[in-house]
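Hi there,

Here is the structure I promised to pass on. Have a look at it first, and my notes follow below.

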Amino acid sequence: RYAADMAGLLPVGSEEEVAFAESLHLFFGEDIWDNTVAPTMSIKDKDEQRAARKELVAGKLGDKLKLLANLLDKHLKDGFVCGGKLCFVDLFLYNWLCFLSCGFVDGIPTDVLDAYPTLQKFL
C-alpha cells in the first residue's frame, strides 16, 4: 500500500468502489493463493501435485475464478476495478491472473481462464 500510495495507485472513487477494490485485493490475494494453490506446493510427488491442482481447477479454484468473473462483470468501470482509473488492485489482479495462467504452476493449464471471458478481457 505504501508503494501504491507513493505511485498514486491507491483506489480512488466512491467509498463503495474503494471498499470493493480493497476487498478484491484481500480476498483474491490471500484466499485464493493461500487456500488453494499454496498448500499443493508441499506435495513432493509431482504426479500427486498435478492431480491435486487439476482437482482445484475443477473445484475450489474454479469456483473462486467464477466468483471473481461475476464480481468484475458487475463492477468493472472502463476496464478498471475502481472508479474507472488504474489502481494497484488492477495491477495485482493482472499479475495474479497472468501467473496463474502462464504454465509455471504444474497442473494448472494455461487455458485455465478460457471459461471466464471477463477475466480474459481483463487481461
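The side chain of Ser101 has a polar atom 2.8 Å from the backbone oxygen of Leu97. This is a predicted model, so please read that distance as a computed one. Ser101 belongs to helix H5, which covers residues 88–101. Is Ser101 buried or exposed? Its relative accessibility is 15%, and because the cut-off for buried is under 20%, Ser101 counts as buried. Leaving aside residues up to four places away in sequence, Ser101 is in touch with Pro109, Thr110, Val112 and Leu113.

Now for the chain as a whole. There are six helices and zero strands, giving the pattern α-α-α-α-α-α along the sequence. The radius of gyration is 15 Å, close to the 14 Å from the globule rule for 123 residues, so the chain is as compact as a globular protein of that length. The C-alpha trace spans about 45 × 30 × 20 Å along its principal axes.

- Buried residues make up 36% of the 123 in the chain.
- Taking contacts between residues at least 6 apart in sequence, 69% join residues at least 24 apart.
- The accessible surface is about 7100 Å², and carbon and sulfur atoms account for 55% of that.
- There are 13 positive and 19 negative side chains, with the centres of the two sets 2 Å apart.

Best wishes

Terms used
Residues numbered from 1 in each chain as written. Predicted model: local features only at pLDDT ≥ 70, side-chain atom pairs only at ≥ 80, totals over all residues. Heavy atoms only, no water. Helix = DSSP H or I, 4+ residues; strand = E, 2+ residues; numbered from the N terminus. Rg over C-alpha atoms; globule rule 2.2 N^0.38 Å. Buried < 20%, exposed > 50% of the residue type's maximum accessible area, 1.4 Å probe, protein only. Contact = heavy atoms within 4.5 Å. Areas by Shrake-Rupley, 256 points an atom, 1.4 Å probe, with all protein chains shown as cover. Lys, Arg positive; Asp, Glu negative; His and termini not counted. Charge placed at Lys NZ, Arg CZ, Asp CG, Glu CD. Polar contact = N/O pair within 3.5 Å; in protein donor to acceptor, adjacent residues only side chain to side chain.
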